[in-house]
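Here is a short report for a reader meeting this structure for the first time. Keep the sequence and the 3D view at hand while reading.

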Amino acid sequence: MVEQTTRYGIATTVALPYKRALERTREELAKEGFGVLTEIDVAATLKKKLDVAFRPYMILGACNPPLAHRALTAERDIGLLLPCNVVVYAADEPGKSVVAAMDPIAALELTGNEQVRSLAQDVRTRLERVLAAIR
Amino acid sequence: MANVTMSCPFCDTLNRVDLGRLGDGPKCAGCGRPLLLDRPQAIPGEALDSIIAGADVPLLIDFYADWCGPCRMMAPVLGEFARDRAGEVLVGKVDTDRDPDAAVRFKVRGIPTLILFSGGREVARQVGVVSRSGLDTLLESAGGALEPSTPSGSR
C-alpha cells in the first residue's frame, strides 16, 4: 500500500529485508524509465563522518531522462529540485523496509509553472507504480 | 554436566562446550581461539537452530541492531548478566540487519526482543528494554518451564 506519509513524500512498507528492498527498488525504477544517478549510503556516511550507528538507509537519485529534459526545458532552474530522491531504509520491524519517494507534485508545486505541474503528475503516477510493485 | 553448542565468532565452527569447565578456558576446535561464554555470543542466523537445540541450560537470545538506541542501552546490562550468571544461562545475540530472516522466523516485531529458550523451545519473551533485575526475573519466572535437571529443593 502506497501512502502519502509526509507532505513531501509517498511511501510503502514492504516485507523485504533492506538489501533485497534496495535491489527491487532499482529494478522497479528501471521499468518506469528511471535510472539511478546518485547513491548516498547514509548509514556508511554517518559512520565514517560522525562514528554514529544509523539504520541501513540509502538515498537514490532517480532520473527519467525524457521527463527531466522536458522539465528543464520548461524551467531552467528546475535542476534545483532534481533528481527525484527515493529512499530505502530498514523499518523498525526486522525483515521489513520502507521505500519512499519525494512527491513530485508537492516539490514541483514550488515552481508555480503550469507546464511543470502537469509533468509532476506523470512522475508521481510512475513513482506510485514503482512503490506499489515492490514486493 | 551442562553442555552447550556455540559457534566460534572467528571461524563459525560449532563447538560442544561443557559449561562446568568454563574455568579451563575452552577453545574452538576449528581455529583454536578462546570461546568466551561468559559474555553475549554473536550468533549467525544459520547456526541458531543448532544452538537452541544443543543447549542444556536456558539460552537467552537478544535480537538487536547496531542503530537501535534501546538495544545499545541493553548491551551492557546483558553483558553483566552473562558474566554474573555464566554456567546457568547462555546469552546470545542476533544482528537483525545481518540476519533478517532469523528475526522473521522467530516473529520478532520490534527490537530489542529477548527470547528465552529452554529444552529447545521458547519459554519467555521480552520486547523492549529490561533492567538487570528484570533479566533475573525473566530467567527465574521461566524456571517452571525449564528442564528438570536442577529441580528446586531437590537436595
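Start with Arg85(B), which lies in the loop between helix 2 (69–84) and strand 5 (90–95) of chain B. The model is a predicted one. Is Arg85(B) buried, exposed or partly exposed? Arg85(B) has 18 C-beta neighbours inside 10 Å, so it counts as partly exposed. Leu116(B) is 31 residues apart from Arg85(B) along the chain, and their C-alpha atoms are separated by 14 Å.

Pro34(B) sits in the loop between strand 2 and strand 3 of chain B. Pro34(B) is exposed, because there are 11 other C-beta atoms within 10 Å. Residues up to four places away in sequence aside, Pro34(B) touches Gly25(B) and Lys27(B). Ala65(B) is also 31 residues apart from Pro34(B) in sequence, and the two C-alpha atoms are 25 Å apart in space.

**The two chains**

Step back to the whole chains. Along its sequence, chain A follows the pattern β-β-α-β-α-β-α-β-β-α-α. For chain A, the radius of gyration of 15 Å is close to the 14 Å that the globule rule gives for 135 residues, so chain A is as compact as a globular protein of that length. From its N terminus on, chain B runs β-β-β-α-β-α-β-α-β-β-α. A compact globule of 155 residues would have a radius of gyration near 15 Å, and the 15 Å of chain B agrees with this.

The table sets out some values for each chain.

| Property | Value for the named chain |
|---|---|
| Elements, chain A | five helices and six strands |
| Elements, chain B | four helices and seven strands |
| C-alpha box, chain A | roughly 45 × 35 × 25 Å |
| C-alpha box, chain B | roughly 40 × 40 × 25 Å |
| Buried residues, chain A | 36% of the 135 residues |
| Buried residues, chain B | 37% of the 155 residues |

In chain A, residues 24 or more positions apart account for 64% of them. In chain B, residues 24 or more positions apart account for 61%.

**Strands of chain B**

Strand 1 (residues 3–7) and strand 2 (residues 14–18) of chain B pair in the antiparallel sense, over five bridges. Asn3(B) stands opposite Asp18(B) in strand 2. The hairpin of these two strands has six residues between the strands. There, Asp12(B) takes a positive phi near 65°.

Chain B also has an open sheet of five strands, in the order 3-5-4-6-7, with mixed pairing. Strand 3 (41–42) and strand 7 (121–127) stand at the edges, each with a single partner strand, so one side of each has no neighbour in the sheet. Strand 4 (residues 59–64) and strand 6 (residues 113–118) of chain B run antiparallel, joined by five bridges. In strand 6, Ile115(B) is the residue opposite Ile61(B).

**Cores and helix 4**

The largest nonpolar core has 42 residues, and Ile51(B), Ala55(B), Leu59(B), Ile61(B) and Leu90(B) have the most contacts inside it. Elements that give two or more residues to this core include strand 1, helix 1 (48–53), helix 3 (100–105) and helix 4 of chain B. Apart from this core lies another, of 36 residues, among them Ala11(A), Val14(A), Leu16(A) and Tyr57(A). Beyond its neighbours within four places in sequence, Ile61(B) is in contact with residues including Gly92(B), Val94(B), Leu114(B) and Phe117(B).

Which residues of helix 4 (residues 132–141) of chain B are buried? They are Leu135(B), Leu138(B) and Leu139(B). These residues cover an arc of only 95° around the axis, so they lie on the same side of helix 4 of chain B. The buried residues of helix 4 pack against helix 2, strand 6 and strand 7 of chain B. On the other side of helix 4, Ser133(B), Glu140(B) and Ser141(B) are exposed.

Technical notes
Residues numbered from 1 in each chain as written. Chains lettered and ligands numbered in written order. Predicted model: local features only at pLDDT ≥ 70, side-chain atom pairs only at ≥ 80, totals over all residues. Pairing = 2+ DSSP bridges. Buried ≥ 20, exposed ≤ 12 C-beta atoms within 10 Å, placed from the backbone. Rg over C-alpha atoms; globule rule 2.2 N^0.38 Å. Contact = placed C-beta atoms within 7 Å. Arc of directions from axis to C-beta. Core = buried A, V, L, I, M, F, W, Y, C linked by C-beta atoms within 7 Å.
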